[in-house]
Amino acid sequence: MSLEFRFAVASDLHIALPHTIWDNPHRFHLVEVSIPALELIFQHLAQLDLDFLLLPGDLTQHGERENHAWLEQRLAQLPFPVYVVPGNHDVPVFRGDEKTISWADFPSYYQKFGYDDPKQLYYSCEILPGVRLIGLNSNNFNEKGEQIGRLDDTQLEWLKGVLATATEDVILVMIHHNVVEHLPGQSQHKMGRRYMLENAPQLLELLRPKVQLVFTGHLHVQDIAYNRGIYDITTGSLVSYPHPYRILHFRVDELGRKWLQVESNRIDCLPEWPDLPKFSREWMGDRSLQFMLRLLTEPPLSLPLETARELAPSLRYFWADIAAGDAIFDYPNFPPKARRFFQNFSATGSDRTPAMIDNYATLLL
């Protein structure tokens, strides 16, 4: 088998035309940079010999019709194929209105970008000879009308059929919610669980052994996680520090082994933000206090509020460092339990030695 291709991933674009931007002093998303940052990425990617681009959801600020329409038109101008899936921000309500699309509207905007059936929020297509892409919809609504991250039974049955008949050598899956934990205890922690697919174990069992690569977003961090033969490669947000995107190179060597080389790039400078990383890191730090207080006072730490208030200032850049990937944490002045808790977020292997694979890696599949 001789198979080689190159592609890119950009996630959580949160596209917002200037007049649609929400004026919320507490939002983490620096959506003001969404369009100029995306244009800079497109300028770079157009210089590469790419086979395709993946966008794993949260394409728009909050499902605005005009933001979806703008992105649809812009993607159509690119010199390479693009494939998308919806994020929770793209289909925030089941029934839309004059400003926001409904849950069922999403495929009609992206029929050139994976969705050949305007009535179905997931798809499967051969994107290159020997390469199949499965785009899944992880956004659903419960009986109360609340948005949840879950694959419904109809989609799971459809996926079973696709995998049973797929003959391609490589099958890629793209879905917005994480399917493998990227943070310690993510599926058990109240704050981390909302970024996980509720029925991730069921999906992973379906995917094995045919699928080895899953591309996700939602969490706004650079991280590569592994679970029994499957890599979940999640990519940070275009509108959050460190404003990353990935370029990936897949190849099969002379021995038939499959390799994936991962490289990450960052947006460092925009016309109105000459030092974007510094600005956005401070932006995130300025908004981190309440987030850190929750992390400290809720299980498993459950620290008293007074103690949490003493520790929280030291964690001003904690989430920014998580988002950047490949971080090592140690807070020697913290109580022992809290110190161990935050050490567990470090980019280390099972032997506690550094394992820097979140941004640059060569994976043997």
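This is a predicted model: local features need pLDDT of at least 70, side-chain atom pairs count only at pLDDT 80 or more; totals for chains, interfaces and linings use all residues.

Q: OK, which residues does Ser237 touch?
A: Leaving aside residues up to four places away in sequence, Ser237 touches Ser11, Asp12, His14, His220, His243 and Pro244.

Q: And where does Ser237 lie?
A: In the loop between β11 (230–234) and β12 (244–252). Strands are DSSP runs of E, at least two residues, and helices are runs of H or I, at least four, numbered from the N terminus.

Q: Is Ser237 buried or exposed?
A: Buried, with a relative accessible area of 1%. The cut-offs are under 20% for buried, over 50% for exposed and partly exposed in between, using a 1.4 Å probe and protein chains only.

Q: What does its side chain reach?
A: The side chain of Ser237 reaches the backbone nitrogen of Val239 at 3.1 Å.

Q: Switching to cores: which residues in the largest nonpolar core touch the most other members?
A: Phe5, Leu75, Val84, Tyr110 and Ile233, out of 73 residues. Helix α1 (residues 34–45) gives the most to this core, six residues. A nonpolar core is a set of buried Ala, Val, Leu, Ile, Met, Phe, Trp, Tyr and Cys residues joined through side-chain atoms within 4.5 Å.

Q: Now pockets. What space lies in the largest pocket?
A: About 960 Å³. A pocket is an open set of points on a 1 Å grid over the protein atoms alone, where a 1.4 Å probe fits, with protein on both sides within 12 Å along at least five of seven lines; lining residues have an atom within 4 Å of a point. The volume is the space filled by probe spheres set on the points, which are joined across faces, edges and corners.

Q: What lines the largest pocket?
A: There are 39 lining residues, and Phe28, Met191, Arg194, Tyr195 and Phe291 lie nearest its centre. The largest share, five residues, comes from α8.

Q: And the second largest pocket?
A: Its volume is about 560 Å³. Of its 29 lining residues, His182, Asp223, Ser346, Ala347 and Thr348 are the closest to the centre, while β10 gives the most to the lining, with four residues.

Definitions and conventions. Residues are numbered from 1 along each chain as its sequence is written. Side-chain values use heavy atoms; hydrogens and water are left out. A polar contact is a pair of N or O atoms within 3.5 Å; within protein, one must be able to donate a hydrogen and the other to accept it, and residues adjacent in sequence count only if both atoms are side-chain atoms. Contact means heavy atoms within 4.5 Å.
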